[in-house]
Amino acid sequence: MVNGKFNSDVVIGLEIHFQPNLKSKLFCSCATKAETKKNENSKDEPNTRTCVICLGMPGSKPMLNKKALDYGLKLGLALNCSIALELIFSRKSYFYPDLAKNYQISQFELPLGKNGEIVLSSGKKIGIERIHLEEDPASLVHPNTIHDSAYTLIDYNRSGICLIELVTKPEMRSPEEAREFLKKLRTILQYLEIFDEQTGVIKADANISIKESGYVRSEVKNITGFKEIERALLYEVERQKQAMQNNEKLVMDTRGWNALTGKTTRLRTKETEADYGYIIDPDLVPIDITQEMIEKTKRGLPELPDEKIKRFITKHKLSPIDAQVLAMERVLAELFEKVAEEIDPILAAQWLRHELVKVANYHKLALDQLRIEELEIVELLSMVEKKEISDRTAQQILSLLTEKGFSPRQYVKEHKLTIVSDTKELEELCKKAIAESQPAIDDYKAGKEIALNNVVGKVMKYTKGTADAAKVKDMLKKMLR
Amino acid sequence: MNINTTQQQLEKINEEYHYFNKLCNVQTKKTGKLKDYVISVKDALCVKDVETKGGSAILEGYKPLFNATVIEKLLAEGATIIGKTSQDAFGFGTFSTNVGNNMQIPLNPFDKNHSTGGSSGGAAGFTQLAKKKGIKHIALGESTGGSIAAPASFCGVYGLTPTYSLVSRYGLLDYANSLDKIGPIAASVKELAMCLSIIAGHDEKDATSSKTSIPDYEKGLSKPIKGMKIAVIKECFGKGIDPAIKQNILETIETLKKQGATIEEISLPTTTEYALEAYYILAMCEASTNLAKYCGIRYGRHEKLEGNFNQYFSKVRSHGFNKEEKRRILLGTFARMSGYRDAYYIKAAKVRTLIIQEYKKAFEKYDILISPTMPMVAPTFDEIKRLTPLQHYMVDLMTVGPSLAGLPHISCPTGFKDNMPIGTMFIADHFQEEKLLQIASSIEELNHG
């Protein structure tokens with residue numbers, strides 16, 4: 001920003017809400033998830049996980065779930081925020097049918113954390129304005145669509161669930177930067193273990209403006225999921241640019257994202273900011289956040305992605321790109337560290353970031369859904385390292401390993417997959433192949449180099465792929481000279 | 001006491017004096033300190049399955065699913081809960097004349113043309129009448145800015161407002177959460193002490209509830225007050241005070257002197273000047289958020305579902321709230337809106353801190369502060385009608401100071417003017433209820449009511 005004016009083509013700011021993986025709600029002991037009984041699909045009957053507190057019954061009083069504070073502190077410290085000295089909650093007043101008390105308990109005056117940052121791979125810092133805790137409202141349920149339903153039902157199961165809100169400074173300059181920011185955030189949440197990606201919901205409101213319009217911003221509300229956020233941003237930037245090209249005038253508005261059509265649509269134009277009439281919630285006494293609590297939380301933080309990347313480069317001599325790819329997935333990073341203790345780190349890095357990821361993609365599973373036993377991986381890769389098995393054999397075994405457990409060494413032995421390194425034996429097999437490939441040999445001798453691959457393939461077939469293909473080729477060349 | 005006789009007796013009393021919004025008969029056991037007592041409960045306190053509406057039409061038909069913590073504690077001591085006493089809607093008033101739409105105003109037990117005071121009007125009125133009729137009774141009242149002391153004074157009974165946080169607020173319909181206190185109203189100091197011993201103490205359901213240890217309040221009652229350092233708040237005897245009340249309090253002071261207390265004068269300029277304004281701003285800001293939940297969707301009053309939800313909310317709230325409820329919602333909402341927030345809400349919070357400091361300084365030197373409870377005896381309903389809203393709020397001048405500072409205070413009957421009772425108020429430092437009960441006990445013989 002120069003003189004309070006932005007000077008880039010695109011300006012993006014995000015307000016991100018996610019539901020931390022707490023067992024109970026923010027101000028009462030109601031469960032955050034339906035209880036799953038064995039042999040039964042979890043069925044969440046409406047309004048069953050409620051009590052007088054999360055329904056805001058007259059006379060009931062909120063009691064803080066202390067674990068929510070722990071989680072908030074963890075995230076605040078991981079993002080280098082300055083932490084407030086007191087935990088204070090405010091009442092944010094607005095009338096809406098999904099809000100049990102017609103005010104939401106949130107933070108205003110003194111957010112738990114402020115002025116943090118996330119550093120992108122380019123070294124650019126995206127500022128975090130604030131991080132705070134708040135309660136979720138209930139959900140409105142319409143029997144049909146919102147427009148043609150005769151009535152609206154309210155399900156209070158969600159009412160009072162803790163949300164962590166994170167507001168960035170408007171410092172992202174493209175949807176791609178926003179994507180990298182979100183990816184980094186996702187990794188940090190993985191490392192801190194405060195968000196369950198399988199069941200938790202992440203939502204964002206995005207503020208987007210472009211230079212051509214003089215930075216008239218649109219706010220796209222309630223985009224759900226990391227991928228959708230990027231899609232919505234890409235669409236919205238393009239929409240604004242198109243509008244300017246068509247000489248349309250942009251006005252401040254609030255928009256909705258439709259994931260099915262892939263478009264944003266205007267909900268309302270925005271003339272004024274909403275006035276929530278915040279007051280300190282007098283039912284919740286301020287809780288001192290002591291230096292001791294902060295230090296303790298800091299000590300409990302895991303090594304975070306940025307530090308890991310640095311350490312992977314210095315300690316294990318990985319290339320920056322290998323280090324980054326591994327560190328950005330907690331499962332990969334942790335596996336790598338264990339495996340790298342036993343075998344060559346560079347070999348380990350290659351196998352994990354390429355081959356293991358390939359296997360996961362093939363099975364259409366997230367890395368943490370794969371069955372991975374580090375000892376089995378170490379056993380497998382040590383055979384690769386010692387050239388006891390071929391890469392192809394190792395790839396096949398790796399794929400099987402992620403489905404069921406077994407000893408790779410045993411498997412190689414049983415299936416006789418050890419590389420055929422006995423030259424005598426190979427020579428015999430090469431002779432056999434030559435004898436059976438007369439047309440190909442003729443072609444080769446006539447100058448068609450490629451025809452030799454056919455013969456190599458035969459030898460590989462005899463050895464069930466365990467031979468070193470390059471070695472076989474050399475051998476064949478020598479024999480045919 | 002035969003409970004059936006009592007029920008009939010209560011209905012008869014209620015027809016005449018309008019002390020109850022709802023009669024009931026709740027008892028869980030017949031042993032304990034309160035086994036011989038009937039207890040009336042201000043309508044602002046939740047009693048399970050008994051219609052509880054905080055004196056407001058907006059909560060008509062609402063039956064709580066749970067008991068307030070204080071109710072649980074009283075029931076555990078064998079109390080019989082006999083009903084919900086009438087009050088200004090949500091506590092918004094000093095005369096119990098701001099009752100909810102379609103409700104009846106309680107009448108003073110000494111003269112039906114006079115107010116009982118408020119907002120715990122039904123509670124204090126019935127306490128005096130029960131005493132006259134020989135019914136063993138204690139009332140649970142609630143005070144935000146003086147709603148225990150004021151009616152106790154107007155009805156000639158004892159009212160104790162404990163230190164903020166000493167008694168759990170769980171199950172209390174909120175007026176202004178940072179100011180609300182539950183306390184007993186009774187015909188004797190001993191009964192106040194007994195009730196406080198039962199209801200005081202930490203509650204894990206109320207985050208603001210104190211963890212201080214609870215003494216046996218009854219034990220200290222007979223302790224002599226010799227050597228106690230008492231200060232009279234100078235500003236409370238200036239313009240606007242009824243001379244008869246001034247005279248009565250001077251007599252009370254003489255009695256205390258005779259018992260060996262030292263009496264001096266003290267000035268509390270900040271409190272006198274700013275407490276009223278700060279109190280009303282904070283109370284209304286909080287109240288306006290508390291009353292937002294009453295919109296006809298979840299609790300109490302419902303109407304035919306028509307229009308969009310904003311239209312529906314507006315309709316329910318227009319019909320359900322009375323004039324004073326609407327006034328406080330509007331003022332409170334205004335005072336916390338951005339642009340006004342700093343000038344009103346934030347400023348009032350700062351003033352509150354200064355006032356607490358002023359009191360704390362006074363208590364470095366003195367054990368007790370004295371003032372009249374109210375600047376007048378119970379006015380007639382005609383007199384009240386002539387008051388502007390501002391004059392109405394001015395009546396709370398004596399009680400809002402200690403209320404704002406969360407200080408315990410007690411109103412004691414100390415005499416009469418034209419057959420209407422006069423109350424003297426004692427204020428102590430935080431958690432010094434023992435001293436209040438001790439001094440109240442020492443002048444108990446002055447009460448000729």
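Buried area is the accessible area, taken with a 1.4 Å probe, that two parts lose on being put together, summed over both. In this predicted model, chain A and chain B bury about 2900 Å² between them, and 59% of that area lies on carbon and sulfur atoms. Within the share that chain A buries against chain B, P58(A), K61(A) and F95(A) supply 22%, more than any other three residues.

The contact draws on 34 residues from chain A and 39 residues from chain B. Across this interface the rule finds 3 salt bridges, one of which joins K61(A) to D174(B), with the closest N and O atoms 2.8 Å apart. Polar contacts between the two chains amount to 24 residue pairs. On the side of chain A that touches chain B, the strands β4 (90-93) and β15 (279-280) each supply at least two residues, and the residues of that side divide by class as follows.

| Class of residue, chain A side | Count |
|---|---|
| nonpolar | 22 residues |
| polar | 6 residues |

In soluble globular proteins, nonpolar side chains tend to be buried together. Here the largest nonpolar core has 247 residues, and those with the most contacts inside it are L75(A), F181(A), L369(B), F426(B) and L437(B). Helix α7 (residues 269-290) of chain B contributes the largest share of this core, 10 residues. Leaving aside residues up to four places away in sequence, L369(B) touches a set of residues including I233(B), I266(B), Y359(B), F363(B) and F426(B).

How values were computed:
Residues numbered from 1 in each chain as written. Chains lettered and ligands numbered in written order. Predicted model: local features only at pLDDT ≥ 70, side-chain atom pairs only at ≥ 80, totals over all residues. Heavy atoms only, no water. Contact = heavy atoms within 4.5 Å. Salt bridge = Lys/Arg side-chain N within 4 Å of Asp/Glu carboxyl O. Polar contact = N/O pair within 3.5 Å; in protein donor to acceptor, adjacent residues only side chain to side chain. Helix = DSSP H or I, 4+ residues; strand = E, 2+ residues; numbered from the N terminus. Nonpolar A, V, L, I, M, F, W, Y, C, P; charged D, E, K, R; others polar. Core = buried A, V, L, I, M, F, W, Y, C linked by side-chain atoms within 4.5 Å. Buried < 20%, exposed > 50% of the residue type's maximum accessible area, 1.4 Å probe, protein only.
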